[in-house]
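Subject: Structure for you to look at

Hello,

Here is the structure I said I would pass on. Please open it first, then read the notes below with it on screen.

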Protein chains: 2
Amino acid sequence: MLKTHHCGSLSKADVGQTVILNGWVQRRRDLGGVLFIDLRDRSGIVQIVFNPDFSGEALEIADRARNEFVLAVKGDVVERDPETFNANLATGEIEVRVTEIEVLNTAKTPPFPIEDGVEVDESLRLKYRYLDLRRPEMQNTLLLRSKSAKIFRDFLDGKEFVEVETPILIKSSPEGARDYLVPSRVHPEEFFALPQSPQIYKQLLMVSGLEKYYQIARCFRDEDLRADRQPEFTQVDIETSFMNQDQLLGLMEQLMVRLFKETVNVDLPVPFQRISHADAMNKYGSDKPDLRFGLEIEEITDIVSTSDVKVFASIAAGGGVVKAINAKGCASWSRKELDDLQPFAARYGGKGLAWVTVKEGEWRGPIVKFFKPEEIEALTERLGVEEGDLLLFSADKKKVVADVLGNLRLKIGRDLGLINESEYKFAWVVDFPLLGWDEEAKRYVAEHHPFTRPKDEDLHLFESDPGAIRAQAYDLVLNGYEVGGGSMRIFKRDVQEKMFHALGFTMEEAHDKFGYLLDAFEYGTPPHGGIAFGFDRLVMLLAGRTNLRETIAFPKTASATELLSGAPSPVDLSQLEQLHIRTVPKPGVKPAAAPTEQQA
Amino acid sequence: MLKTHHCGSLSKADVGQTVILNGWVQRRRDLGGVLFIDLRDRSGIVQIVFNPDFSGEALEIADRARNEFVLAVKGDVVERDPETFNANLATGEIEVRVTEIEVLNTAKTPPFPIEDGVEVDESLRLKYRYLDLRRPEMQNTLLLRSKSAKIFRDFLDGKEFVEVETPILIKSSPEGARDYLVPSRVHPEEFFALPQSPQIYKQLLMVSGLEKYYQIARCFRDEDLRADRQPEFTQVDIETSFMNQDQLLGLMEQLMVRLFKETVNVDLPVPFQRISHADAMNKYGSDKPDLRFGLEIEEITDIVSTSDVKVFASIAAGGGVVKAINAKGCASWSRKELDDLQPFAARYGGKGLAWVTVKEGEWRGPIVKFFKPEEIEALTERLGVEEGDLLLFSADKKKVVADVLGNLRLKIGRDLGLINESEYKFAWVVDFPLLGWDEEAKRYVAEHHPFTRPKDEDLHLFESDPGAIRAQAYDLVLNGYEVGGGSMRIFKRDVQEKMFHALGFTMEEAHDKFGYLLDAFEYGTPPHGGIAFGFDRLVMLLAGRTNLRETIAFPKTASATELLSGAPSPVDLSQLEQLHIRTVPKPGVKPAAAPTEQQA
């Protein structure tokens with residue numbers, strides 16, 4: 001008895017048909033000798049009915065069925081009495097009167113109910129992931145993920161992009177995050193690495209003249225994990241030749257428009273806002289600003305640089321900055337609420353937050369008495385101060401102020417309900433700095449990677465002020481998340497030499513590091529650039545989730561364990577011998593796995 | 001100057017247009033001050049012309065261009081004089097008169113010409129893979145691969161299959177081929193394995209009620225490599241619930257029909273031939289028979305069991321078999337050709353090949369004198385012997401005879417030109433044995449895997465003759481290659497118990513081996529089964545190639561090395577320390593890599 005119809009697809013249009021359904025028992029009720037079973041498959045749930053009048057011995061068999069038994073039933077679709085319509089069920093106007101049944105399989109009682117919104121410890125859900133994935137919200141997320149991948153592919157195929165699979169067993173690179181390593185059996189004491197991204201291969205494909213490449217690629221980083229990190233993750237990896245940054249970003253906007261239209265039925269306005277990295281840091285204290293609300297950060301260093309608020313003046317004098325947020329209408333916050341802001345600021349490295357409330361036309365707060373009238377006037381204008389406002393000040397090094405006020409802005413935005421949760425607010429953050437100063441190493445390091453192309457108009461700065469060079473690099477930001485990022489790449493040898501020089505090594509040293517890629521660049525490299533989208537994160541946002549693990553069929557925990565299979569695990573000594581390695585016991589106690597399994 | 005058109009797409013329809021092209025210099029010729037350059041991009045080649053009359057200083061710049069320089073040119077499409085039409089070029093009726101040029105990049109002279117059919121050592125091609133991939137035949141193969149993946153996906157999406165990504169970092173399993181291992185940093189002395197296939201996860205997804213799953217999945221096997229093996233390979237992995245074998249095979253035939261129609265424009269006849277594993281072994285000596293030609297193997301044990309050809313009679317008496325091939329019209333083979341068959345047979349474990357030629361109505365050959373007249377009569381009928389035939393006999397254990405005559409059949413088929421190289425001959429090999437006897441371990445082992453479902457009508461044989469049980473397992477065979485394989489899976493506990501019992505272990509021992517999968521099966525497992533296609537091999541056959549490496553962008557050699565990057569490679573000691581491992585030098589000399597890099 002193999003299914004002719006899906007449970008969830010039956011409707012009044014099918015009344016009168018004889019159907020065969022296959023599915024799982026969601027629920028059974030015995031009402032005076034008549035048995036009702038909600039039968040579930042991937043498409044949804046339908047009510048099937050066993051009645052002595054028409055079910056015969058099927059009723060007896062069904063009577064032994066329990067939750068999660070797998071049934072095959074044959075029956076007739078009939079319309080329900082209008083008073084028994086179930087508006088909660090897509091199939092709520094009909095039911096199936098069963099004439100035949102086969103129990104395809106029995107089931108033990110599951111450790112948690114198979115239904116949406118269960119309140120179950122996540123580690124139990126992960127251990128029984130195969131049952132967790134039976135829940136409709138998880139199935140829908142997997143379907144959304146599959147559909148999203150299809151939309152990416154259809155769009156890119158339509159734009160002449162070629163999907164190319166690049167290797168998973170690659171050469172370990174000294175750059176970037178920590179590699180996962182794979183010992184070689186054939187070559188003793190040598191190792192493969194798992195790719196952190198297909199970066200080098202996609203650039204090689206541009207040298208190969210493939211012109212337009214994409215891949216939905218698995219990537220690996222052996223880093224300590226956070227809630228939105230996984231040891232293996234998926235990115236939509238894209239590279240193109242003979243396009244400039246504007247063309248690429250425009251094309252990617254079209255891609256996002258299609259993705260969001262066809263998944264969540266939202267019409268995204270294009271072009272997306274473009275905001276320079278400098279502006280993003282200044283106004284929002286973040287390179288991935290949530291632009292669904294204002295509450296912009298204002299610099300006031302100039303106003304308070306000679307202030308009697310000594311901490312402001314001295315920080316300004318020492319090269320730091322003073323910035324403020326005007327939390328409109330928050331003057332009524334309690335003293336406790338204001339006090340709680342101090343540890344909040346400390347979490348982001350701040351030494352404190354000064355505050356001013358504006359009540360009954362008067363500025364109040366510990367520092368108010370130190371302000372000169374002209375400072376109050378200037379601040380009133382700069383910050384648009386009105387009755388009922390709360391002003392919050394941070395003074396420190398630029399980066400600390402950005403972190404403190406950037407996070408404070410998010411907190412206040414959430415607390416005040418300024419965020420429209422149904423909005424999708426995209427922006428490109430552009431003009432990233434090419435180089436960052438590494439205070440420890442006393443040299444510049446590549447902010448993106450050493451092949452990132454500088455802006456043409458900044459090339460002259462290699463000699464005078466490398467730190468001021470802006471890169472042709474861009475991030476795509478959505479609702480405060482970085483969902484994509486990339487850059488145009490250096491393709492001319494003279495620029496590449498300047499870049500390596502700025503990074504403090506010669507072409508020979510660079511060759512030791514990036515040998516075969518630099519060799520490749522000698523043979524006619526086209527202008528090229530690309531982008532990678534964080535696929536897990538995009539699906540998470542499309543699904544309205546806040547946890548990456550909800551979008552991955554078989555995720556790992558924060559301690560990089562798969563609770564279902566118990567991976568990683570010890571292996572046979574003979575396996576290690578063949579790989580020419582042996583393990584080294586960790587001095588002291590092995591960290592207990594259990595406490596870290598709990599997820600953020 | 002960013003491209004407005006593709007080089008290879010220009011035609012007479014574009015005459016009069018001004019176009020911008022970006023591409024690589026394929027060839028330049030100077031004909032009396034007029035410069036002709038063949039400009040190449042992914043789409044093809046077009047001739048561009050620099051003439052003092054219309055090119056101005058562009059001519060001077062172009063004069064410095066060499067092969068593989070990257071150019072941007074602007075010019076007008078004009079029709080060529082009919083006498084200069086180039087029929088070898090798709091764009092051969094037009095040329096582009098260049099008015100502006102920009103040299104986007106220069107190039108060193110490549111180590112081999114960028115053109116099809118180059119006779120270059122493969123290791124040089126692999127080292128400069130980025131140049132090798134510029135050759136049109138390689139680009140076309142990558143495009144074919146991308147297109148094939150798209151067809152698989154479009155078909156399966158259309159049939160309600162959901163693409164799910166399963167983990168790459170999984171638990172090591174004691175079954176199957178040798179695992180690649182990945183040491184865990186977080187969990188000292190523990191390891192992940194890379195998946196040999198997503199088998200367990202796809203079955204778990206069926207337990208999850210996903211009903212229809214697919215994935216174009218990377219798989220890994222740390223085995224010694226042959227020409228058609230790679231350490232990492234790609235399979236199209238499919239699993240479905242609530243379908244039987246016939247339904248699944250029928251659906252997969254539709255998939256192949258679409259794939260071959262949309263790639264090589266061939267209409268495959270369906271249904272594909274189905275041949276039992278026993279018949280395949282008997283008639284073709286192979287479980288992946290090339291069915292593009294006949295030359296079937298005939299069993300003659302019954303005819304010669306009492307023959308005076310003593311070796312036939314004694315082997316028949318000892319439980320062996322005697323089989324023959326009738327090589328029609330080969331009686332004229334020389335003595336040397338016949339002698340050469342002896343080492344050929346030996347290569348497949350045979351002790352020799354007896355032969356008979358039929359010339360001038362007479363049987364000739366060393367064994368003819370031992371045949372009784374009635375044997376000759378019976379053989380004549382069984383083998384359809386006619387004037388001019390060559391009969392070849394093998395007598396040995398069943399498996400040896402199959403290997404010898406199976407390979408002899410292929411050799412003769414090729415030698416005699418019996419194979420239509422443009423034909424695609426599919427067949428399903430079905431009814432594989434469920435169990436094979438392991439002579440060493442003195443127990444049965446699973447031929448496919450321990451979850452393969454026996455045929456219902458053979459279930460009773462678990463008690464009486466486990467070796468005779470046929471499995472609901474199938475291979476898809478194309479022109480002598482296995483391109484896919486799979487099975488229906490056991491989903492009932494009682495059958496699974498019988499299976500484990502036949503394999504010689506208790507449910508408890510099985511639990512130690514397959515723990516979490518067996519746990520999962522307790523919670524309402526639907527009937528399910530699936531298949532996996534060897535994607536690299538399918539693309540190889542579609543592209544008309546005989547080497548898997550031609551279908552993979554960045555393949556590894558037979559010694560599992562990537563010649564381009566030099567992976568695998570030594571790594572920093574600090575990396576190993578973090579992973580709680582150290583390497584163990586191999587006693588004796590490290591095997592030299594060079595001699596094994598040469599490819600079969």
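A cavity is a set of grid points where a 1.4 Å probe fits but cannot get out. Keep in mind throughout that this is a predicted model. A search of the whole structure for cavities of 30 Å³ or more finds 8 of them.

The two largest cavities

The largest cavity has a volume of about 460 Å³. Its lining is made of 34 residues, and those nearest the centre are A:R153, A:I216, A:R218, B:I216 and B:R218. Two or more lining residues come from each of α5 (136-158) and β9 in chain A, and likewise from each of α5 (136-158) and β9 (212-220) in chain B. Sorted by class, the lining of the largest cavity holds 17 nonpolar, 10 charged and 7 polar residues.

The second largest cavity has a volume of about 170 Å³. It is lined by 19 residues, with A:R145, A:R218, A:I552, A:A553 and B:E165 closest to its centre. In chain A, α5 and β10 each supply at least two residues of this lining. Which element gives the most to the lining of the second largest cavity? It is β10(A), with 3 residues. By class, the lining of the second largest cavity has 8 nonpolar, 7 charged and 4 polar residues.

How the two chains relate

Two copies of a chain are related by a rotation about an axis and a shift along it.

Positions listed in UniProt

An unreviewed UniProt entry lists A:R221, A:D222, A:E223, A:Q230, A:E482, A:G534, A:F535, A:D536 and A:R537 under "binding site". From this set, A:Q230 and A:D536 are part of the lining of the second largest cavity.

A:Q230 sits in the loop between β9 (212-220) and β10 (232-241) of chain A. Is A:Q230 buried or exposed? Buried means under 20% relative accessible area, and A:Q230 has 6%, so A:Q230 counts as buried. Leaving out residues up to four places away in sequence, A:Q230 touches A:L225, A:R549, A:I552, A:P555 and A:K556. One of these contacts, A:I552, is also among the residues closest to the centre of the second largest cavity.

A:R537 belongs to helix α17 (residues 535-542) of chain A. With a relative accessible area of 17%, A:R537 is buried.

UniProt also gives a "binding site" listing, again from an unreviewed entry, with A:E175, A:R221, A:H448 and A:R489. These span 315 residues in sequence, and the farthest two C-alpha atoms are 22.8 Å apart, so they do not all gather at one spot.

A:R221 lies in the loop between β9 and β10 of chain A. At 33% relative accessibility, A:R221 is partly exposed. Its contacts, not counting residues up to four places away in sequence, are A:A177, A:R178, A:Y180, A:Q196, A:P231 and A:F233.

A:H448 is in the loop between β19 (443-446) and α14 (461-464) of chain A. A:H448 is also partly exposed, at 37% relative accessible area. With residues up to four places away in sequence left out, A:H448 touches A:G486, A:S487 and A:R489. A:R489 is itself one of the positions in that UniProt listing.

Two places in chain B

Helix α6 (residues 199-207) of chain B is mostly covered, with 8 of its 9 residues buried. The buried residues of α6(B) pack against β1 (18-31) and α4 (129-132) of chain A, and against β9, β10 (232-241), α16 (507-521) and β22 (528-534) of chain B. Just after α6(B), B:G209 takes a positive phi of about 75°.

B:V309 lies in the loop between α9 (301-304) and α10 (310-317) of chain B. B:V309 is buried, with a relative accessible area of 4%. Apart from its neighbours within four places in sequence, B:V309 is in contact with B:I367, B:F370 and B:F371. The C-alpha atoms of B:V309 and B:K147 are separated by 57 Å, and the two residues are 162 residues apart along the chain.

Regards

Definitions and conventions
Residues numbered from 1 in each chain as written. Chains lettered and ligands numbered in written order. Predicted model: local features only at pLDDT ≥ 70, side-chain atom pairs only at ≥ 80, totals over all residues. Heavy atoms only, no water. UniProt positions renumbered as here; feature names shortened; annotations may be inferred. 1 Å grid on protein atoms, 1.4 Å probe; cavity = no way out; pocket = protein on both sides within 12 Å on 5 of 7 lines; lining within 4 Å. Helix = DSSP H or I, 4+ residues; strand = E, 2+ residues; numbered from the N terminus. Buried < 20%, exposed > 50% of the residue type's maximum accessible area, 1.4 Å probe, protein only. Contact = heavy atoms within 4.5 Å. Points joined across faces, edges and corners; volume = space filled by probe spheres on them. Nonpolar A, V, L, I, M, F, W, Y, C, P; charged D, E, K, R; others polar.
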